Amino acid sequence: MSGLQIVAFLSGLAGLGATLGATVSNEWRATSRASSVITATWVLQGLWNNCAGNAIGALHCRPHHTIFQLAGYIQACRGLMIAAVCLGFFGSVFALVGMKCTKIGGTDKNKARITCFAGVAFILSGLCSLSACSLYAQRITSEFFDPMFVAQKYELGAALFIGWAGSVLCILGGCMLCFSIADSCTKSNSQVSYIYKGAASHSHISSPRGQAKSVNQRPPPDYSSSSRIQHFDKNAYV
């Protein structure tokens with residue numbers, strides 16, 4: 001199971017890197033070329049910056065000036081992505097400590113608990129990233145296909161696909177980490193049942209010996225009364 005834990009750790013670490021890259025990226029959405037009259041320039045928007053580029057390669061970005069005037073879904077996506085990065089970081093640290101191939105973490109039981117916690121952290125990280133990217137993509141698609149929306153329409157950016165890929169890797173890594181401790185739990189349960197069966201068989205075998213010992217220690221019969229009767233019968237015959 002150590003090989004499975006290594007693969008799960010690498011998967012979660014790659015998912016964390018993809019999540020972090022999607023969080024800081026400015027390509028969450030890009031202007032649609034179909035609805036734009038001037039195709040030589042385009043606009044990119046992310047969670048933190050708005051960028052404008054042109055065909056000659058110039059790109060100018062400026063951060064969002066205020067937080068309170070941002071749309072609610074952008075603030076929700078910010079919080080979810082920050083939570084995903086934090087959970088992925090703690091999941092990576094605890095996975096490194098709880099793996100069987102490392103010498104830290106204490107006993108096997110403690111390492112199994114740490115590994116389970118790391119798996120849960122990776123799964124939660126993937127769910128947060130998946131929720132943020134899906135929420136942002138749903139807003140883009142709803143505006144794009146809304147005939148009453150007359151403002152600039154946008155398409156899905158590359159950061160959304162990176163975030164989805166990172167969330168899938170984190171969820172897979174967390175599931176593999178949780179599955180890797182099933183072997184340890186099975187071995188501990190088998191050891192407990194073996195000890196219980198051994199104790200039961202030992203008591204079953206030792207009980208006849210105790211009975212035999214009690215039979216052997218039975219006091220010898222008293223023949224004094226029968227001998228007295230026999231002696232009385234002889235005297236009466238005489």
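Guide: We shall take the nonpolar cores, then the aromatic pairs, then the charges over rings.

Guide: This is a predicted model, in which local features need pLDDT of at least 70, side-chain atom pairs count only at pLDDT 80 or more, and totals for chains, interfaces and linings use all residues. Residues are numbered from 1 along each chain as its sequence is written, and side-chain values use heavy atoms, with hydrogens and water left out.

Visitor: Which residues of the largest nonpolar core touch the most other members?

Guide: A nonpolar core is a set of buried Ala, Val, Leu, Ile, Met, Phe, Trp, Tyr and Cys residues joined through side-chain atoms within 4.5 Å. Buried means under 20% relative accessible area, exposed over 50%, and partly exposed in between, with a 1.4 Å probe and protein chains only. Here the largest core has 15 residues, and Trp 28, Leu 47, Ile 74, Cys 77, Met 81, Tyr 136 and Leu 160 touch the most other members.

Visitor: Which helices each supply at least two residues of this core?

Guide: Helices are DSSP runs of H or I with at least four residues, and strands are runs of E with at least two, numbered from the N terminus. The helices in question are α2, α3 (108-144) and α4 (158-180); the largest share, 5 residues, comes from α3. A second, separate core of 7 residues includes Phe 9, Ala 95, Met 99 and Phe 122.

Visitor: How many aromatic pairs are there?

Guide: Rings of Phe, Tyr and Trp (its six-membered ring) pair if their centres lie within 6.5 Å; planes under 30 degrees apart count as stacked, over 60 as edge-to-face and the rest as tilted. The count comes to 6 aromatic pairs. In one of them, Trp 28 and Tyr 136 are edge-to-face, 5.1 Å centre to centre with 65 degrees between the planes. Trp 28 lies in the loop between α1 (2-24) and β1 (29-31) and Tyr 136 in helix α3, 108 residues apart.

Visitor: Is Trp 28 buried or exposed?

Guide: Trp 28 counts as buried because its relative accessibility is 0%. Tyr 136 is likewise buried, at 0%. Trp 28, Tyr 73 and Tyr 136 form one aromatic cluster.

Visitor: Where does the charged end of Arg 29 sit?

Guide: A charge sits over a ring if NZ of Lys or CZ of Arg is within 6 Å of the ring centre and within 35 degrees of the ring normal. The charged end of Arg 29 is over the ring of Tyr 154, 4.4 Å from its centre. Lys 153 lies over the face of Phe 144, at 5.8 Å from the ring centre.
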